[in-house]
Amino acid sequence: MLVNEIMNNSVISVAPDESVAYTSRLLYRHNIGSVPVCTSDGTLKGIVTDRDIVLRVVAADNDPHSTPVSEIMSHSVITVEPDADVKRVSKLMSVSQVRRLPVVNDGKVVGMVSLGDLAQSRCCDMEASEALSEISMNVKKK
């Protein structure tokens, strides 16, 4: 099975100059944990997670209304292509310690894939479960 068969292709993204406050509201409204940061043509520039917001804005006592996401986003983003094999993606998520990956085609975000998507696909229940277990164990160690 390929990523394009299970990915969510309704991607919510933000521009690099959007405020952290605006981005936080998007995460809340759409019940998501991360959002890709993209240019107007969909080119991926980074990613912002709910954890980034807490650690880099709230805990640092920065103003979420005046802080652009470009200041707190992760620039090094692991991505996958739509035709990637889901079992390989599950292993990549485990090794990289991430729960979600942007799906990119020619540098542009075309979807997102999560461990939940992998588990729901039923093609790699065990791999998704093992990846989540490894991610959770490593989070507890930190």
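In helix H2 (residues 50-58), the residues Asp52, Ile53 and Val57 are buried, where buried denotes under 20% relative accessible area, exposed over 50% and partly exposed the range in between, with a 1.4 Å probe and protein chains only. These three residues cover an arc of only 95 degrees around the axis and therefore fall on the same side of H2, the arc being that of the directions from the helix axis to the C-beta atoms. Arg51 and Val58, by contrast, are exposed on the other side of H2. The cover of the buried residues of H2 includes H1 and E2, with contact taken as heavy atoms within 4.5 Å. Helices (H or I, at least four residues) and strands (E, at least two) are DSSP runs, numbered from the N terminus.

The structure is a predicted model, in which local features need pLDDT of at least 70 and side-chain atom pairs count only at pLDDT 80 or more, whereas totals for chains, interfaces and linings use all residues. Residues are numbered from 1 along each chain as its sequence is written, and side-chain values use heavy atoms, with hydrogens and water left out.

Side chains of opposite charge can pair when their charged atoms come close. A search of the whole structure finds two salt bridges, each defined as a side-chain nitrogen of Lys or Arg within 4 Å of a carboxyl oxygen of Asp or Glu. One of them joins Asp52 to Arg56, with the closest N and O atoms 3.5 Å apart; the two residues are four apart in helix H2, and are thus separated by about one helical turn. Within this pair, Asp52 is buried at a relative accessible area of 9%, while Arg56 is partly exposed at 37%.

The side chains of Asp41 and Lys108 also form a salt bridge, at 3.2 Å from N to O. Because Asp41 belongs to the loop between strand E1 (34-38) and strand E2 (44-49), and Lys108 to strand E4 (residues 108-114), this pair ties together parts that are 67 residues apart in sequence. Asp41 is partly exposed, with a relative accessible area of 44%, and Lys108 is likewise partly exposed, at 32%.

The strands on either side of the Asp41 loop, E1 and E2, pair in the antiparallel sense over five bridges, pairing being assigned if DSSP finds at least two bridges between two strands. Pro36 has Ile47 as its bridge partner in E2. The hairpin of E1 and E2 has five residues between the strands, and there Gly42 takes a positive phi near 90 degrees.

On the surface, Val54, Leu55 and Val58 form a nonpolar patch with about 270 Å² of accessible area together, as computed by the Shrake-Rupley method with a 1.4 Å probe, only the protein chains shown counting as cover for residues. Patches comprise residues with over 30% relative accessible area and no salt bridge, like charges being joined within 9 Å and nonpolar side chains (Val, Leu, Ile, Met, Phe, Trp, Tyr) within 5 Å. Val54, which lies in helix H2, is partly exposed at a relative accessible area of 44%.

Asn4, located in the segment before helix H1 (20-30), is partly exposed at 40% relative accessible area. Asn4 and Pro82 are 78 residues apart in sequence, yet 4.7 Å apart in space, C-alpha to C-alpha.
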